[in-house]
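Please consult the sequence and coordinates alongside the text.

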Amino acid sequence: MAREIPYIAAVQEAIRVEMERDPTVVFYGQDVAPSDEDPLVQAFGRQRVRVSPISETAEIGMAVGLALAGYRPVVELLMAEFMLVAMNQVVNEAPRLRYMSGGQVKVPAVFKAGYGFTAGWAGQHTGSIYGMFMGFPGLKIALPSTPADAKGLMAAAIRDDNPVCYLINYLLVLEHGDVPEGEYVVPFGEAAVRRAGSDVTIVATGWTVGKALAAAETLKAEGIEAEVIDPRTLNPLDTATILSSVEKTGRLVVVDQGTRHGGASAVIASEVAEHGFGSLKAPIAQVTALDVTVPYSEPMEAYVLPNEEKIAGTVRQVLGEAPVAA
Amino acid sequence: MTELDNDKLVWMFTQMLRIREFEERVKRTFEEHPGVIRGHTHLADGAEASIVGSLATLKPGDQLMATYRCHGYPIALGTDTKSIMAEIYGRKDGLCGGYGGSMHLVDPERGFMGTSGIVGQGIPQATGLAFAAQLRNRSHPPQVVLSFFGDGASKQGAFHESLNLASLWKLPVVYIMENNNYNVATRSEQEDANAAAGEPLSRKAAAYSMPGVTVDGTDPIAVYEAVGAAAGRARAGDGPTLIESKVYRLSAHGNIIAPPGVPLHYPEHEAITVFGNRAEYEAALRGDPVPRFRARLVEQSVLDQARADEIAQGVRDEMDAAVKFALDDPFPDPEAAAKIDYVYA
């Protein structure tokens, strides 16, 4: 049975369901359940649900240790940028220990954080910084764009035997949607085709999925049918679904809230350029944030971000329906 | 401590000798088989008493993590020295299949959960093992985690964050700082406020409301007693202890690397090469823990000279075999580097 709940509630529900299902799941982090009245504390006790100091290196490093010892920690890190404080643990410890040990150990840990809070949080709390995590083999990345995926991808992250950066888009936390009750898992590495279309493929991530779908409706009125694909996880990345869509449409627009250079969008574009070149009828186009730090003031912030108009405009250009901007 | 019967004392002596002899063979490999060892190795010679005295306190189910200076722990835990040497030589049957090398030995079956090559970064991971032990300890005999690191690591944020959390949560962990007084070539009093003030580094423990103990790390029995008391405290649920184990590294920080990255022999200790202080190094050599412990056991009639010689010969034979095995062992197939099961579990 599905019912409508907000994205953020779906995340919490996944943690609760997985903690019920598996006694090795442990949840802790900054401001996690400081009150003993917290429902998770009531349900699972203070051993498995803990509030930690502002100590990212210890929080994430301890998750690595817990995972090595057979537990499945979920660490609440609040904001993706806080992981930067402990980057060595995230990228140079957790994903490398299994390989360096010759497969003797595994590190099933979830690093849960929000990102992309482009709502006046200025330069240091708004980044969509997952592109940098894509350069570390062994580290998985989930970017849920719907309440159902928020639940299903969290469950998959907890059950995964590898370190996972599970990233909540802060602009989506109050979005409502149908979410299945009980156990619900969305497997990693399976992109969702959010809208079928034959003229152009739009690959969009996280918050921009909704923008791409809105742009597709605008374009429909102009007789353009866009296919909108949400990769859901960036590692593993479902290139097969993207390539088969591009084979059908011959055109690709990649949309991402992050900056372009070294970002997720560039990686997706390069995969299609290399493996789908023969299908392309037009150059690949990217709609990303500008390569600047996100500014505070509202009109400037809006200016640097992708939006529905930029996506629609870029699709028209790719289809030769509008002049290519200089 | 009464627990240290003669068998255990002889075991401790044997493990100290095995570590020393193993490290000598690593060192000799640079001269006898140039190019066989790649990159950077870090030797535990001088720290044998500290390592063995600490590990002698372990009970089944206990775990430990260490640093890139990591050969000694698995040797004392009983990991086959053939597989350790083969790992250092980058061979197929190495402990980690040639994926990790000298700095990244792991033997989970024996409780050696790994190392970090980055200073201080193993401390929170060991603290996480202790978190796991605390969760398990509710239904099992209490387990303890030993977290080994150097004096330099105590200036890392990871040290501060971990000790605060471990004390706050009363985690069953013993932090063992092997203080060899050098961060590569920088002396502690040049980079540590406690050392500069002439105070022991164990004083840092007071900031985390946990006991801090300084012990002579060249005396395995003193280390055993200090770590044993701390482990007992941890098993009882009373939380962590910081132990400063004072050792003297008898080799340089690591082997020399000549451009473009060809490893060469071990240079002399930095006391000599950087500070011109040969007297300090020679004093440390006179205090070498391995012959000192042998003399002590002979004096106390735990061992006679003949038995000690016999043990030493056995250790030399073992290490001959380890070197031979590692030299003869083939390299891994290059394609094994892309083994996806090792990238993702």
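How are α7(A) and α11(A) oriented to each other: parallel, perpendicular or oblique? The model is a predicted one, and in it helix α7 (residues 208-220) of chain A and helix α11 (residues 308-318) of chain A have axes that come within 8 Å and cross at roughly 55°. Angles of 65 to 115 degrees count as roughly perpendicular and those under 35 degrees as roughly parallel; α7(A) and α11(A) are therefore oblique to each other. Their crossing is right-handed. On the α7(A) side, the residues in contact are Lys211(A), Ala212(A), Ala214(A), Ala215(A), Thr218(A) and Leu219(A), and they meet Glu308(A), Ile311(A), Ala312(A) and Val315(A) of α11(A). This contact comprises 7 nonpolar, 1 polar and 2 charged residues.

**Helix pairs**

| Helix pair | Axes | Angle | Residue classes in the contact |
|---|---|---|---|
| α7(A) and α11(A) | within 8 Å | roughly 55° | 7 nonpolar, 1 polar, 2 charged |
| α1(B) and α13(B) | 9 Å apart | about 40° | 8 nonpolar, 1 polar, 5 charged |

In chain B, helix α1 (residues 6-32) packs against helix α13 (residues 305-328). Given their angle, α1(B) and α13(B) are therefore oblique to each other, and α1(B) passes α13(B) in a right-handed crossing. Thr14(B), Leu17(B), Arg18(B), Glu21(B), Phe22(B) and Arg25(B) are the α1(B) residues of this contact. Their counterparts in α13(B) are Ile311(B), Ala312(B), Val315(B), Arg316(B), Glu318(B), Met319(B), Ala322(B) and Val323(B).

**Chain A: overall form and sheet**

Chain A contains 11 helices and 14 strands. Its C-alpha atoms fill a box of roughly 60 × 45 × 40 Å along the principal axes. A compact globule of 326 residues would have a radius of gyration near 20 Å, and the 20 Å of chain A therefore agrees with that expectation.

Five of the strands are named in an open sheet of chain A, whose order is β9-β11-β10-β13-β14 and whose pairing is mixed. Strands β9 (192-195) and β14 (285-287) of chain A each have a single partner strand, so one side of each is left without a neighbour in the sheet. From one strand to the next, the twist averages 25°. Within the sheet, strand β10 (residues 200-204) and strand β11 (residues 226-230) of chain A run parallel and are joined by 4 bridges. Here Ile202(A) stands opposite Val228(A) in β11(A).

Helix α7(A), described above for its contact with α11(A), also packs on this sheet. It touches β9, β10, β11 and β13 (252-255) of chain A, and its direction makes about 170° with that of β11(A). Helix α9 (residues 264-275) of chain A packs on the sheet as well, touching β10, β13 and β14 of chain A. The direction of α9(A) makes about 160° with that of β13(A).

**Chain B: overall form and sheet**

Chain B has 14 helices and 10 strands. Its C-alpha trace spans about 55 × 50 × 40 Å along the principal axes. For 345 residues a compact globule would have a radius of gyration near 20 Å, and the 20 Å of chain B therefore agrees.

Strand β4 (residues 173-179) and strand β8 (residues 241-246) of chain B run parallel and share 6 bridges; Ile176(B) has Ile243(B) as its bridge partner in β8(B).

**The contact between the chains**

How many residues of chain B are in contact with chain A? There are 32, and they are in contact with 34 residues of chain A. The elements β2 (112-116), α5 (122-136), α6 (157-168) and α14 (340-343) of chain B each supply at least two residues to this side of chain B. By class, the side of chain B that touches chain A has 18 nonpolar, 12 polar and 2 charged residues.

Definitions and conventions. Residues numbered from 1 in each chain as written. Chains lettered and ligands numbered in written order. Predicted model: local features only at pLDDT ≥ 70, side-chain atom pairs only at ≥ 80, totals over all residues. Axes fitted to C-alpha atoms, helices over the stretch in contact; angles between N-to-C directions. Parallel < 35°, antiparallel > 145°, perpendicular 65-115°, else oblique. Left-handed = near helix turned anticlockwise from the far one by under 90°. Contact = placed C-beta atoms within 7 Å. Nonpolar A, V, L, I, M, F, W, Y, C, P; charged D, E, K, R; others polar. Pairing = 2+ DSSP bridges. Rg over C-alpha atoms; globule rule 2.2 N^0.38 Å.
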